[in-house]
Amino acid sequence: MAADVLVKNAWYVAGRSREFPIQQLRGEVIAEKPLVIWRTAEGKVVAFDERCCHKRMPLSQGRLIQGGLLECAYHGLCYDVTGRCVRIPSHPDGRIPPQARLRAFPVAEQDGLVWVWPGESGRVETARPPRLPEIADPGWATADTGPMPVPANSMLLIENLLDITHFYPLHDGNIGDVENSRIPVRFEEGTRDGNAYVGTVREARGYRQPPFLEDYLGYDVVDRDHTHFMLSPAATRVEMRVWPAGRHGDARFERGYVIVHTHTPIDRSNHIWRLIVSMPAGQKCKSDPSRSAVERFMETFPAVIAEDRWALEKQQQMFKYPDDGYVEVFLRPDRALRRAREILMGLERAERTVAPQQHYGVTET
Ligand code: FES
Ligand SMILES: [Fe+2]
């Protein structure tokens, strides 16, 4: 069942790098794993089991004290930046039980994002976080929505993102229209950095843009290449490239954007969605050329996000009833989302079996 997928062995986005100032504790639940995360005084982000090894007090409720130690708010056990308990106030003789330590979780910082692996540490070498180079590239102007809690399985968001046939009727009049649903779809899949990816490519010529897109990109009738790819269980990337009709491929006229959606599961019924948009620095909006297109996007696009969140929440609510003869129908453009579902369900199945470990030492392209 689509709304019941939860992959734990994956790199997930805990936030943008700037959301982690030095020495500030943050509690997050990622794929059912409660974590305390912070950036040490040396600038490295670390993640540990959120539960104090003494009596499960959430450690993000504690504080960082001298020497960079994390002090639990309840009985004051102190941990160093390797997760080892180094002080117990009620043991004045200094005795520390050897099992008094926190489980550490792998953290990577890449492309301006903090990634955490909440699954088995021994499997961490099987994949790398997918590359998202535009986010930290000064040649691109970038903005994001911040974390948006969605009361739905993250698979429902991935399916939504791979499926632009919902632009009509869900986004009719802002980013979509019925013509958009009829653009032929090409399907692609493969593996990169240990992550199975799948997506769609839509190439339209002489296409009249819906209002929001005309404003962000400046042209009314365009030749357009539009792709949607699930890069891993954690992120889906949307790329839009447009040219005035008849000028496809002419770099002088190209405009566009990249939207990275991160979908970080909390549990089987909730996830955190982040939308990060990047446009070439200097791209202005059509309705007010004194303003950047990114700024305009952040002002108007929340209306689109609200429509998607509404649909995801409504869909999730329907999963509380037994199927009882209900059969889900797949349409022709649903091929990518069907494949995405198979990939994630396969990953989850693999977590229940002992599989030989693979290592990806190089980036596959
Ligand atoms: S629960 Fe953390 S010190 Fe007791
Ligand atoms: Fe949508």
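How much space lies in the second largest cavity? About 60 Å³. That is one stop on this tour of a predicted model, in which local features need pLDDT of at least 70, side-chain atom pairs count only at pLDDT 80 or more, and totals for chains, interfaces and linings use all residues. Residues are numbered from 1 along each chain as its sequence is written, chains are lettered from A and ligands numbered from 1 in the order in which they are written, and side-chain values use heavy atoms, with hydrogens and water left out.

**Stop 1: the iron ion**

Select ligand 2, the iron ion. Its protein donors are H166 (NE2), H171 (NE2), D308 (OD) and D308 (OD), at 2.1 to 2.4 Å. Donors here are N, O and S atoms within 2.8 Å of the metal (3.2 Å for Na, K and Ca); water is not among the atoms, so sites may look incomplete. The angles among the four donor atoms run from 57 to 149 degrees, and the site is irregular. Four donors count as tetrahedral if all angles lie between 85 and 135 degrees; four count as square planar and six as octahedral if opposite donors are over 155 degrees apart and all others between 65 and 115; anything else is irregular.

Along the sequence, the donor residues follow the spacing H-x4-H-x136-D. H171 sits in the loop between α2 (167-170) and β14 (186-192), and D308 in helix α5 (residues 302-318), so this pair ties together parts that are 137 residues apart in sequence. Helices (H or I, at least four residues) and strands (E, at least two) are DSSP runs, numbered from the N terminus.

Are H171 and D308 buried or exposed? H171 has 0% relative accessibility and counts as buried. D308, at 6%, also counts as buried. Buried means under 20% relative accessible area, exposed over 50%, and partly exposed in between (1.4 Å probe, protein chains only).

**Stop 2: the cavities**

Now look inside. A search of the whole structure finds two cavities of 30 Å³ or more. On a 1 Å grid over the protein atoms alone, a cavity is a set of points where a 1.4 Å probe fits but cannot get out; a pocket is an open set with protein on both sides within 12 Å along at least five of seven lines; lining residues have an atom within 4 Å of a point. Grid points are joined across faces, edges and corners, and a volume is the space filled by probe spheres set on the points.

Select F167, I175, H228, H261 and F301. Of the 19 residues lining the largest cavity, these lie nearest its centre. The volume of this cavity is about 190 Å³. β18 gives the most to its lining, three residues. The lining divides into 12 nonpolar, six polar and one charged. Ala, Val, Leu, Ile, Met, Phe, Trp, Tyr, Cys and Pro count as nonpolar, Asp, Glu, Lys and Arg as charged, and the others, Gly among them, as polar.

Move to the second largest cavity. Its lining includes V5, Y12, S154, P233 and L344. Which element gives the most to this lining? It is α1, with three residues. By class, nine lining residues are nonpolar, two polar and none charged.

**Stop 3**

Select α1 (154-161). Eight of its eight residues are buried. They pack against β16, β17 (235-244), β18, β19, α5 and α6 (335-351).

Next, find L156, E159, Q315, Y326 and E328. They lie nearest the centre of the largest pocket, which is lined by 27 residues. Elements giving two or more residues to this lining are α1, α5 and α6. The largest share, five residues, comes from α5. The pocket's volume is about 760 Å³. Its lining has 17 nonpolar, four polar and six charged residues.

**Stop 4**

Select T264 in strand β18 (residues 255-267). T264 is buried, at 4% relative accessibility. Beyond four places in sequence, T264 touches Y12, V13, I30, H271 and I272. Contact means heavy atoms within 4.5 Å.

Finish in strand β15 (residues 195-208), with Y207. At 6% relative accessibility, Y207 counts as buried. Its contacts beyond four places in sequence include D177, I183, D220 and R224.

A204 is buried, at 8%. Leaving aside neighbours within four places in sequence, A204 contacts I183, V222, D223 and R224. A204 and D223 are 19 residues apart in sequence, with C-alpha atoms 5.7 Å apart.
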